[in-house]
Amino acid sequence: MQLWHTLNLAELFHSLGSSEAGLSSEQASHRLSQYGYNELPQKKLAFWKKLLEPFKSIFIMLLLAAAAISFISGKQLDGTIIAVIIAINMAIYYSQQQATNRVIKSLKKHSEQIVQVLRDGQIVNISSRLLVPGDVIILGEGQKIPADARLIHQDNLFMDEAALTGESLPVKKAVSILSAPKQLYERDNMVFSGTYVLSGAGRAMVTTTGSHTEFGAIAKLAIRPEPKSPVQQKIDAIVSKLIKVLAILAVAVFGLSLARGIELNEALRFVLSFSVSAIPEDLPIAMTIVLVLGMRRMAKYNALVRSTDAIENLGLITVVAVDKTGTLTKNRLEIAAAWTPSQDINLSQVSYHALGDENVLEPFDKAIKRFAQKDFSAPTSLIKKYPFNQQQRASGALWNNGGKKTMYLKGAPEHLLNLCRLSGTDTDGAENQLRSLVAKGFRVIALASAEVDSTPENLDNLQSLPWKLQGLLAFADELRPESQPAIAAAQAAGVSVKMITGDHFDTAFHIGRLLNISPHKEQVVQGSELPATEEELVPYVKQKTVFARILPNQKFNILSALKRSEITAMTGDGVNDVPALVNANVGIAMAGGSDIAKDAGDIILLDNNFASIVRAISEGRIIYDNIRKMLFYLLATTLGEVLTIIGALAAGLPLPVTAIMILWINLVTDTALVIPLGLEPPEADHMNRPPRHPRAPILDRLILTRIVLVGIAMSASILGVFAFLIQAGYSSEYAQTIAFAMLVFAQWVNAFNARSERQSLIRRLFYPNYKLLVGLALAATAQALAMFSPLKNIFGVQSVELGHLLSGLAITGVSVYLTAEVHKFVKRSTD
């Protein structure tokens, strides 16, 4: 890799085969074919791969297998219903992918712009994508740099490199030769793609383009394949175990059927019924709908979610890594403190005079302009304004104050203190104030004035003038007012906050202390002190809360180290944040940030408000809790159905429900209730408990135990009534009708049990879920049609005595209710 910042201009021109006059059109054309366009290459996924992508889902594979078995066994209606479910799920998947794929596509695009370049010795306007190494580009105020380039001329050039390095303060550039090695933020003779010219002008020779720029290196980091979300991994693990158990039980069911002397075809029908009952067909669609509706709710809170995985992960977040500039702060310099050696000095008026005029573009001057106040009562007029003098490290202005000429200077405190004629005591006082302000992380300039007899031509000879110190101005990137309470709320929810910034150590510590991220200096570490490997970083990321002078690749490594033991969210707004945004479990970009950062983020905060992150975490926790409730409801239902079938076979009883009955329960009745469960209102303590451990299973011992107990209660009550009716001489079809109704009703009761993991069903009624009530009404209507309308012939339902029906419903309803309530009571008693 060529170290362009170490070459002198003659070596630079020789290496790039160019000169101050730039390239000829012929040379540029040849190099364009050699180096390619100044853009990031786009990698397209084959259409057939996109088409087959949803079939990687274990749920889709299970449903395809179930549909195939149904068609092979002659159950055309069953197979058709399952095929429709697959089609709906795939349609939802494809529509979601259209949105999420924009992230990777946008990372591969480089915004095209028109730039001025020297070609054939003339200044011409061309598209930035046509730039090649050796081109000389013309730099002006407000311009976005289109490629990495080495300065060959500059006139008071200041750059904004916050988007690339995280440095919030302007960077002064120079035509210099630097020794190797130098960090990115130390290369003051280079300009980089994606940064901006704040003030001044210059010319620079392009050194690298496209993916070879620092911007391109960041984009390469950003496209590393992302693993499945933690929630999806945990659900896949549950389903994998379910498949193994199902395979064993299917063999057992088949064996029991044959042992009872049932014909082969009938035994296969039993296994089909069992397999269909054991597959939670509703879960893929229910989760997708719940996540999409969650995205819509979060949009109302100014959080635009780009990926459903992000919503899943939000509820598990244990660490938020915060980029300071533009996230916790406004990315705008303000006067944070001011000091004068005498109370008689009006520093606001002095600042106005030192500024010279109000036509300023440089960030320091803009902050002074907002602070300064003109005294309209005094007859003053500007005589001359003096630009920044590198030797004197100051700029100034000469004013006519009622016939007297007064020169005002603003510049480096150390230099101006040496110019002023101060007593030993005054010098000590000023230096103590300076040290105090610098220790707080402020950038400080000094103000001085002197009366003169003539008009100096420039600022080269200032030592002979009678300078008087007027005061010190301290600058800081202004904090957002909502940052402190938002961070406090996150910490109260058990979420650790770590600040990552490109700013200096003292500045980072000062901001961290103000926000209660780093109360002690030992919690701050500089990028130069960090180890290079991810393994060695692990103890640092656990102990430190503020990371200063951090480069983009270091942010990436910090997030990688954090992800080893934490579920991470990363906030940012600049190009330098992109790799970390992509590497985090949840990347959160600010709407006011760069386009590539917004495209890389899983979530975009439309109001740039850090407080929205806390609301997003709250929403994520609600959704995660509701996913657990859905899983409990569906798996308890599945277990109840499986145990009912196996219990009947083991006891030598007829099948309590038919395959079409089970399909009706799973694909119609369950769906009406499982989606509203995913929209359950939050429980009061959801933001007062610590985050769940990243490696904790989504179904812990509490939920698994309750699933088993409820499944046993459901199957035992249904089998008991079913066996009683068979023994009493009723037909198997009659008993099946009662068992069918009982199984549906037991699941309705269990849906209300699932509304809270710890609160009783009765207590939870005080927090109504109207969507669940609507779902229950729809399910009850559908069940009534299946039981009492002409549709009953399709399901093999018979007319039954009302007493038998109500007794059966009461027995199974009370059994399921009391089982869950007793388990909740025991859990509350032991907590």
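**Pockets, cavities and surface**

A: The second largest pocket holds about 1500 Å³ of space. This is a predicted model, in which local features need pLDDT of at least 70, side-chain atom pairs count only at pLDDT 80 or more, and totals for chains, interfaces and linings use all residues. Residues are numbered from 1 along each chain as its sequence is written, and side-chain values use heavy atoms, leaving out hydrogens and water.

Q: What counts as a pocket or a cavity?
A: On a 1 Å grid over the protein atoms alone, a cavity is a set of points where a 1.4 Å probe fits but cannot get out, whereas a pocket is an open set with protein on both sides within 12 Å along at least five of seven lines; lining residues have an atom within 4 Å of a point.

Q: Which residues lie nearest the centre of the second largest pocket?
A: Phe158, Lys172, Phe364, Phe388 and Arg443 do, out of 47 lining residues. Strand E11 (residues 380–389) gives the largest share of that lining, four residues.

Q: And how many cavities of 30 Å³ or more are there?
A: There are five. The largest cavity contains about 100 Å³ of space, and 15 residues line it, with Gly441, Phe475, Ala476, Asp477 and Thr507 nearest its centre.

Q: Turning to the surface, is Phe825 buried or exposed?
A: Phe825 counts as exposed because its relative accessibility is 52%, and exposed means over 50% (1.4 Å probe, protein chains only). Phe825 belongs to helix H30 (residues 802–830).

Conventions: Helix = DSSP H or I, 4+ residues; strand = E, 2+ residues; numbered from the N terminus. Buried < 20%, exposed > 50% of the residue type's maximum accessible area, 1.4 Å probe, protein only. Points joined across faces, edges and corners; volume = space filled by probe spheres on them.
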